[in-house]
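Keep the structure in view as you read.

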Amino acid sequence: MSFERTKLPKKRPGDEELGEIKFGTLFTDHMLLVDYDEGKGWHDGRVVPYGPLSLDPAACCLHYGQLIFEGMKAYRTKEGSVVMFRPDRNMARMNESCLRMCIPPIDEKEFLGAVAELVKFDDAWVPSAPGTSLYVRPFIIANEPFLGVRASHSYLFAVILSPVGSYFKEGLSPVKIYVENEYVRAVRGGTGFAKCAGNYAASLKSQEEAHQAGYSQVLWLDGIERKYIEEVGGMNIFFVIDGEVVTPELNGSILPGVTRASVIELVKSWGMPMSERKISIGELAGAYKDGKVEEALCTGTAAVISPIGELKWNDNVMIINDGRIGRVSQRLYDEITGIQTCKLEDKFGWVYRVK
Ligand SMILES: *Cc1c(COP(=O)(O)O)cnc(C)c1O
């Protein structure tokens, strides 16, 4: 791997200012690039100054959407070292996405090592105030100049880094979500389990309508029966029903979140009942009527835990836990963020040391 330091370093905003900057709009000084060419494999890994990519207008990703991405975070610990949370899981998931989208696989260990090198190179950009982190965005684009529907013969793997402030400025704050009845996100056999760009383009229409109606996100139902709960935009979903934690089982159309997997392991380690199963919106509404829905929460890298205060399904408005944060949500948030920043013991071996 080669390293080229920028001649024009940017001024990094202080940690206090990060909270004022919109998520994902500020990037560090450097990026990682690796090329792929048929016959040569992945080659020429390099850390270079952050800047525009040069693409042929016929690059096939621009036309047929052969694009995947990942999202993870690096954290500064009290001692000043830098760690990442289960990045091996992200690299493994990236390969699952590659497989589905006919993109050649990456060597997970080697590429994770390269990502860590980039983070180390931009070490000064890893913030340290509570709640702040460095968002790490790897992605792969098909860049063969070719207008035809088949897998590209060349690719670019890239990683960019974005320092982010605390997701919730005043602690965990519950969100309002509505159940999407008209549009669907994914179907079994499709690409729902892959982090591929097209999934998100297809969700924008629904997202816009939700915003117009005063909701922050939509809850997707399964694409066939339109009955079973799947997930929320870029987050997985959990409920606490009558003392049991329930999340929809992975079925090929749900994105297998790293936060989701971590929540499941934590809940089990507490000795609390935890089930991954099909749950229909009708069952949830019934449990709500019976006063058994104690909490609802979303999980994902960006917010970690995002409690749901209101869930609207047609005319059925469910106010959950009086719109306040529940005990399970708060405990999950505290324990996961505690492990991520090395304030709590890493019993599960989830922490990866960058430096
Ligand atoms: C990324 C993502 C998630 C959350 O995954 P994490 O690994 O926990 O960040 C959930 N659903 C969708 C659709 C996603 O894209």
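A disulfide is a pair of cysteine sulfur atoms within 2.5 Å. By this rule the count is zero disulfides. Take Cys98: its sulfur is 10 Å from the closest cysteine sulfur, in Cys102, which is too far for a bond. Cys98 is also buried, at 0% relative accessible area. Cys298 is buried too, at 0%. Here buried means under 20% relative accessible area, exposed over 50%, and partly exposed in between, with a 1.4 Å probe and protein chains only.

A word on the source. The model is predicted, so local features need pLDDT of at least 70, side-chain atom pairs count only at pLDDT 80 or more, and totals for chains, interfaces and linings use all residues. Residues are numbered from 1 along each chain as its sequence is written, and side-chain values use heavy atoms, with hydrogens and water left out.

Now the ligand. There are 15 residues around it, and Lys195, Tyr200, Glu231, Thr259 and Thr301 come nearest. A residue is counted if one of its heavy atoms lies within 4 Å. By class, this shell holds four nonpolar, seven polar and four charged residues. Nonpolar means Ala, Val, Leu, Ile, Met, Phe, Trp, Tyr, Cys and Pro; charged means Asp, Glu, Lys and Arg; the others, Gly among them, are polar.

An N or O atom of the Lys195 side chain is 2.7 Å from a ligand oxygen. For the Thr259 side chain, the distance is 2.6 Å. A polar side-chain atom of Thr301 also lies 2.6 Å from a ligand oxygen. Taken alone, the ligand exposes 380 Å², and the protein buries 96% of that; these areas come from the Shrake-Rupley method with a 1.4 Å probe.

Key
A polar contact is a pair of N or O atoms within 3.5 Å; within protein, one must be able to donate a hydrogen and the other to accept it, and residues adjacent in sequence count only if both atoms are side-chain atoms.
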